[in-house]
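Student: I have a structure open and would like to learn how to read it. Can we go through some features one at a time?

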Amino acid sequence: MPMAESDTAASGSRISTGGRRGAVNLGSILRFATGTEEEPALGFALQPSIQFMESANFLPTANTCINRMNLSLPDESNPLPLQEELFNLFDLAFCNTFFGLE
């Protein structure tokens, strides 16, 4: 049976095939963290990285000067939100990165 555009996982959430979740794809995540949708031909001078840090909310942030994405860690006073709410925050961040280009 061929795979559909999106499948339903055992948890009940929608998982998209091909590394995509709605309008979010790997290029939009790379653009969010580095400012470019594709790896440069000679590679990055500073390799993209992820830093996990304490924060009051779970909206991802990025520092494109050093190619780093910042993600929040949950703790006892700031628990991880439900999966759909967390994905919506990620979608908001990854799909609204324009850098004055659009």
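Student: How far apart along helix H2 are phenylalanine 90 and phenylalanine 94, counted in helical turns?

Tutor: This is a predicted model, and the answer comes from the numbering. Phenylalanine 90 and phenylalanine 94 are four residues apart in helix H2, so about one helical turn separates them.

Student: How do I describe two rings such as these?

Tutor: A pair of aromatic rings is described by the distance of the centres and the angle of the planes. For phenylalanine 90 and phenylalanine 94 the centres are 5.8 Å apart and the planes make 45°, which is a tilted pair.

Student: How many aromatic pairs are found in the whole structure?

Tutor: The search finds two. Taken together, the ring pairs make a cluster of Phe32, Phe90 and Phe94.

Student: Is phenylalanine 94 buried or exposed?

Tutor: Look at the relative accessibility. Phenylalanine 94 has 8%, and therefore counts as buried, because the cut-off for buried is under 20%. Phenylalanine 32 is buried too.

Student: Which other residues of helix H1 are buried?

Tutor: Helix H1 covers residues 26–34, and its buried residues include Gly27, Ser28, Arg31, Ala33 and Thr34. To read a buried face, ask what it packs against. The buried residues of H1 pack against strand E4 (61–63), strand E5 and helix H2.

Student: What is found at the two ends of H1?

Tutor: At the start, a side-chain oxygen of asparagine 25 comes to within 2.9 Å of the backbone nitrogen of glycine 27. After H1 comes glycine 35, with a positive phi near 95°.

Student: Where is asparagine 25 found, and how accessible is this residue?

Tutor: Asparagine 25 sits in the loop between strand E2 (14–16) and H1. Its relative accessible area is 25%, so asparagine 25 is partly exposed. Asparagine 25 and phenylalanine 94 are 69 residues apart along the chain, while their C-alpha atoms are 8.7 Å apart.

Student: What should I look for on the surface?

Tutor: Look for neighbouring side chains of one kind. Here Ile50, Phe52 and Leu73 form a nonpolar surface patch, with about 290 Å² of accessible area together. Leucine 73 is in the loop between strand E5 (68–72) and helix H2 (83–95). With 38% relative accessibility, leucine 73 counts as partly exposed.

Student: How do I sum up the chain as a whole?

Tutor: Start with the elements. The chain has two helices and five strands, and from the N terminus the order is β-β-α-β-β-β-α. Then turn to burial and surface. The chain has 102 residues, and 23% of them count as buried. Its accessible surface is about 7,200 Å², with 58% belonging to carbon and sulfur atoms.

Student: What share of the contacts is between residues 24 or more positions apart?

Tutor: Among contacts with a separation of 6 or more, such residues account for 40%.

How values were computed
Residues numbered from 1 in each chain as written. Predicted model: local features only at pLDDT ≥ 70, side-chain atom pairs only at ≥ 80, totals over all residues. Heavy atoms only, no water. Patch = residues over 30% accessible without salt bridge, like charges linked within 9 Å, V, L, I, M, F, W, Y side chains within 5 Å. Areas by Shrake-Rupley, 256 points an atom, 1.4 Å probe, with all protein chains shown as cover. Salt bridge = Lys/Arg side-chain N within 4 Å of Asp/Glu carboxyl O. Buried < 20%, exposed > 50% of the residue type's maximum accessible area, 1.4 Å probe, protein only. Contact = heavy atoms within 4.5 Å. Polar contact = N/O pair within 3.5 Å; in protein donor to acceptor, adjacent residues only side chain to side chain. Phe/Tyr/Trp six-rings, centres within 6.5 Å; stacked < 30°, edge-to-face > 60°.
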